[in-house]
Amino acid sequence: MKKSLLYLLLGLTTFPALAQGPGASQSAPQQQAALSTPKGNAKISGVVLDAATKKPVEFATVALIDLRTDQPVNGTMADDKGRFTIDKVAAGKYKLNVSFIGYLQLVINEVTVAADNADLNLGSISLTTNSQNLSEVVVTGEKNLVEEKIDRTVYNAEKDATNAGGSAADVMQKVPGLSVDTDGNVMLRGSSNIRVLINNKPSSIMAGSIADALKQIPANMIKSVEVITSPSAKYDAEGSAGIINIITKKDSNMQGVNGSVALSGGTRSSNGNASLNIRQGKLGINSTIGSNLFYNKGDIRLTRLSNGGNDIFQFSGKTRPQGGFMNGQVGFDYDINEKNSLSGGIRFNGGMFRMQNDQEINSTMFGEASPLTYADVTNRFRRQGADINLDYLHTFKPGQELAILSLYNFTNINNKANQDYTFQRGMDPYEFVRNTNDGGNDELTFQVDYTHPFANKTNLEIGAKTIFRDVDSDARYSTLRTNGPDENSMNIFFYEQDVYATYLTYGFALKKTLNVKLGGRYEYTDIKADLRTENQAFGSNYDNFIPSVALSYTMKDMHTFKASFTQRIQRPSLNFLNPYRQVQARNTVVVGDPTLDAELTDLFEIGYSTYFKTTSLSASLYMRQTDNAIETLPYLENDSVTVITFRNIAQNKTYGINLFGSVKPVNDWTISGSSNIYFVDLNSQQYGSNNGWMYNINLNSAYQLGKGYSAQFNGGFNSRRIQLQGSFASFSYHSIAFKKELFDKKGGISFGIDNPFRRNMRMLTNFRTDAFDQNIVMNNYNRGFKLTFNYNFGQMQQSPVRRKKSIRNDDAKQGEGGGIQ
């Protein structure tokens, strides 16, 4: 019944508009007039120039409007010399709209074509620079480190020299509103309930743990990071925090051949990457390949008290994380003609992560001490995956588009945990524990989007989408003992999730200062799961209607006020669902819960931004309430093993403020900073409550020293973070980099220092339950040095930019997940 309702809704919203074509949204008289506009052989030509510099305005948009209907009848784009020609024009009276980003729109109110074969040359058309662009607030005149736009914050990673030689996890630390802990877990406004996209698309690299995925991507491959905190109904039902979109370096809209190479070596990591872009005529090909190696060391100490403090379990040891990953992509776009284009590509990734831990274990139960035990623990994680997409875009006229998109991605994962136990160093082990998990994640997505603009900045968007997601996990457990019985077991899990969705958004402007965007999204979810080794099969289905409202008001051309409301549903992903028992230490196990339900979040936000001279300021107040929230739940098993799992056990209320500012005290010096201050209130009928204030701050500074030399600083601090039954300690970081441009700015060499004034970072984590108290102290040796060289080769010329559409699967809850893969 619900599927039938969905298909009926899709038919009512999507297909009539598409079937009727460009004139579907017009009134009957307008539609008849527009369709009856005669065609002729007249031409209208001219050249678009900058009013101040008299230089050509490359690729300006020129639209021809019929004065009778006030509807566009033809249009074109200027070339790289500012020249344009509109042909096949009938005799009559028109007006001409000429526009380009950064310029005020020019309207030539009366353009008369005297005859069907006339050749009308309008000569030079001058556009005036719009120095106060209302669509975005830019930090300074050029493309700077951070840009505040109407619907997102953009961090231009390629402008930050301290990123050279690092990974995507290092980049995320510097993005306003984000915080990253020492394990690489990303939080947005205090929530790990986020979705990470790469070039506007979901990627198999993010199918498991985001923390592990970010370590695989070299920072040198990242162009910018976009943070969208209140997505419209066009996006998948995102959840409590928002979307993080990583834009990689590529430029397939350029004619010719170019590329780049970058190599970096350091004491904690090394990486290399290269790109090659080719475009000839209608065909463009872009490709990148990169690898990342990381290696470090640290130590850990765990203490657990239970049974009123009578039972004590302790272990301490040294940790040695290391790994290597490779990723790359090959893509193409082909302009079939002026109105039709095709694009596609394949992105692949793979590699291995290994954590070695030498542990010393001692325990006391009921006042009696157990023999001292030594353990060699190795956790090894291998993965490989790929994303394949093919997209078609049809442009009826400027702004009116139909996109048909498809995407298939898969991930294969192999996880092994080996533990060898001895009573004395150097002796043969008396017990071997071997856990393996072979799993996979497959997704097939189809999407249709239709956009129809109207007069007076009014815009309609409708679309439909299906996601077919299959997850499987085959876990094997074995324990071999020299004295005692061996044990063997398995855990086979299959999970199927199908999502059907349709959406509609409508945007309009009132008196040129108030912009309004209304939207609604309907989603139907069908879930089937099978825990085969336990003979447990279960399933569920549910539907949701998700509204969204966004307002933006501009006053005196420099003060912008924003307000928004949206409701989001967040489905748990594999790292929360997988019942595989991942053994992290002898008495510490992490287990997913396949019965988790989706979270539902209400998000309210109001914001203000302004800029004057060389200063930019913005602030946002937000409140979100998540019912049925998924929280980490630790409990004791057999009075000795700490099991960490996840349950829908809490209501999460968060109230916060985001602040961002940037200033240039002098022309060569830029200072920017951001902070997020928020109060979290967690309540559970079964497990009590916890609340408290938290915050994170970030500071960036860059100075141009002259003659190609520059210096940059980045630092941040994250306060203590609470959970329902525990907390994570505060931590800080800082880095300094120096760069010298080479080869006429085509290359450069940089030297960076991470945390030069601190050898290691001390992290404290605690769990407090009715049954036990557990404390973990970790020391990560995070002082590091890195040397990076980069070079750009080739020369390309700008060609007209054709907008590309892409699929965004941002519906599955991501985050820490306790290491579950």
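These legends describe close-up views of a predicted model.

Local features need pLDDT of at least 70 and side-chain atom pairs count only at pLDDT 80 or more, while totals for chains, interfaces and linings use all residues. Residues are numbered from 1 along each chain as its sequence is written, and side-chain values use heavy atoms, with hydrogens and water left out.

**View 1. An open antiparallel sheet of 4 strands.** The strand order is E3-E2-E5-E6, with antiparallel pairing. Strands (E, at least two residues) are DSSP runs, numbered from the N terminus; two of them pair if DSSP finds at least two bridges between them. At the edges stand E3 (71–77) and E6 (106–113), each pairing on one side only. From one strand to the next, the twist averages 25°. E2 (residues 61–66) and E5 (residues 92–99) pair antiparallel over 6 bridges. Ala63 stands opposite Asn97 in E5.

**View 2. An open sheet of 3 strands with mixed pairing.** Here the order is E4-E1-E7. E4 (83–89) and E7 (119–127) are the edge strands; each has a single partner strand, so one side of each is left without a neighbour in the sheet. The twist averages 20° from one strand to the next. E1 (residues 42–50) and E7 pair in the parallel sense over 7 bridges. Ile44 faces Leu120 in E7.

View 3. E25 and E26 pair antiparallel over 24 bridges. Asp438 stands opposite Asp474 in E26. The hairpin of E25 and E26 has 3 residues between the strands, and Asn456 takes a positive phi near 60° there. E26 and E27 also run antiparallel, joined by 21 bridges. Asn459 has Gly507 in E27 as its bridge partner. In the hairpin of E26 and E27, with 5 residues between the strands, Gly484 takes a positive phi near 135°.

**View 4. The second largest pocket.** Its volume is about 800 Å³. A pocket is an open set of points on a 1 Å grid over the protein atoms alone, where a 1.4 Å probe fits, with protein on both sides within 12 Å along at least five of seven lines; lining residues have an atom within 4 Å of a point. The volume is the space filled by probe spheres set on the points, which are joined across faces, edges and corners. Of the 34 lining residues, Tyr477, Arg581, Val583, Val589 and Glu637 are the closest to the centre. Elements that give two or more residues include E24 (400–422), E31 (582–585) and E34 (615–637). E27 gives the most, with 5 residues. The lining divides into 13 nonpolar, 12 polar and 9 charged residues. Ala, Val, Leu, Ile, Met, Phe, Trp, Tyr, Cys and Pro count as nonpolar, Asp, Glu, Lys and Arg as charged, and the others, Gly among them, as polar.

**View 5. The aromatic pair Phe561 and Tyr608.** The structure holds 19 aromatic pairs. The ring centres of Phe561 and Tyr608 are 5.0 Å apart and the planes lie at 40°, so this pair is tilted. Rings of Phe, Tyr and Trp (its six-membered ring) pair if their centres lie within 6.5 Å; planes under 30 degrees apart count as stacked, over 60 as edge-to-face and the rest as tilted. Phe561 lies in E30 (residues 559–572) and Tyr608 in E33 (residues 599–612), so the pair ties together parts 47 residues apart in sequence. Phe561 is partly exposed, with a relative accessible area of 35%. Tyr608 is partly exposed too, at 28%. Buried means under 20%, exposed over 50%, partly exposed in between (1.4 Å probe, protein chains only).

Technical notes
Axes fitted to C-alpha atoms, helices over the stretch in contact; angles between N-to-C directions.
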